[in-house]
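Visitor: I am new to this structure and would like to know what stands behind the words used for it. Please take me through some of them.

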Amino acid sequence: QLLTKGLELLTTLPDTHERSQQELSLQTTLGPALIATRGYAAPDVVQTYARARDLCRRLGDTPQLFVALRGLQTFYAVRAELPMAAELAEELLGLAQRQHDPTLLVFAHLSLGATLFHRGAFVQARVHLEQGTPRNIPRQEHDPAFLYGHSAGVVCLSWATLALWLLGYPEQALQKGHEAIMWARQLVQPLSLAFALNWVAWLHQLRRE
């Protein structure tokens, strides 16, 4: 409610560069809150991130563009609109590569890898998912999990677990799943641990254990 009120108040200010920057900050903060309360595929989520992307384009080179694109990509992926999700994932990967940012690269590989997984391209999905591991993310003062709620590296490992199973490598799948749980516990991120435990439980079910 406070973020929404802030956005309403901004409409009373002159349309300046500073106002756009303030709105962008509020929109990218509102996005994760909407995901948490209404779900990844809620209409409010796509509206928020689409507006954030428009503001990024208006403002020029801004680090929030990756956040906006990632929010949109997740929205379309969860709605199973996979062609659009794949297009946005490719855009994320290109952006991360241009910025030479290892943290963004992991999130981009997750976006593309998970989308390829859902399209049944398990070999290509595995390539991207295994590039996005927690060890590739440097320890930083500002943890990117704050913006997304989870570690991209842990989720990459979790998806790779199922990709390996579907490719016919049950023991490697189990090893990858245990690695995901280990990293999640080291990072002390409840949502990341929930992801890892869920995927490994799924794997054990598939293994009839």
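Visitor: In which sense, left-handed or right-handed, does α5 pass α6?

Guide: This is a predicted model. In it, the crossing of α5 past α6 is left-handed.

Visitor: Why are α5 and α6 called roughly antiparallel?

Guide: The angle at which α5 and α6 pack is about 155°. An angle over 145 degrees counts as roughly antiparallel, and the pair is therefore given that name. The axes of α5 and α6 lie 8 Å apart.

Visitor: Which residues of α5 and α6 meet?

Guide: On the α5 side they include Leu82, Ala85, Ala89 and Leu93. On the α6 side, Leu104, Leu105, Ala108 and Leu112 are among them. The residues of this contact divide into eleven nonpolar, six polar and one charged. Glu90 in α5 is one of the residues that take part, and Glu counts as charged.

Visitor: What makes histidine 100 count as exposed?

Guide: Its relative accessibility is 67%, and exposed means over 50%. Histidine 100 therefore counts as exposed. Its place is in the loop between α5 and α6. Phi of histidine 100 is near 50°, a positive value in a residue other than glycine.

Visitor: How do you know that valine 188 is exposed?

Guide: The relative accessible area of valine 188 is 68%, to be set against the cut-off of over 50%. Valine 188 is therefore exposed. This residue is found in the loop between α10 and α11. Its phi is positive too, near 55°, and valine 188 is likewise a residue other than glycine.

Visitor: Why is glutamate 23 called buried?

Guide: Glutamate 23 has a relative accessibility of 10%, and buried means under 20%. The residue therefore counts as buried. Glutamate 23 has its place in helix α2, residues 17-38. Leaving aside residues up to four places away in sequence, glutamate 23 touches Leu7, Leu10, Arg51 and Leu55.

Visitor: Which residues of helix α7 are buried?

Guide: In α7, residues 122-129, the buried ones are Ala125, His128 and Leu129.

Terms used:
Residues are numbered from 1 along each chain as its sequence is written. This is a predicted model: local features need pLDDT of at least 70, side-chain atom pairs count only at pLDDT 80 or more; totals for chains, interfaces and linings use all residues. Side-chain values use heavy atoms; hydrogens and water are left out. Buried means under 20% relative accessible area, exposed over 50%, partly exposed in between (1.4 Å probe, protein chains only). Helices (H or I, at least four residues) and strands (E, at least two) are DSSP runs, numbered from the N terminus. Contact means heavy atoms within 4.5 Å. Axes are lines fitted to C-alpha atoms, for helices over the stretch in contact, and angles run from 0 to 180 degrees between N-to-C directions. Angles under 35 degrees count as roughly parallel, over 145 as roughly antiparallel, 65 to 115 as roughly perpendicular and the rest as oblique. A crossing is left-handed if the near helix is turned anticlockwise from the far one by less than a right angle, and right-handed if clockwise.
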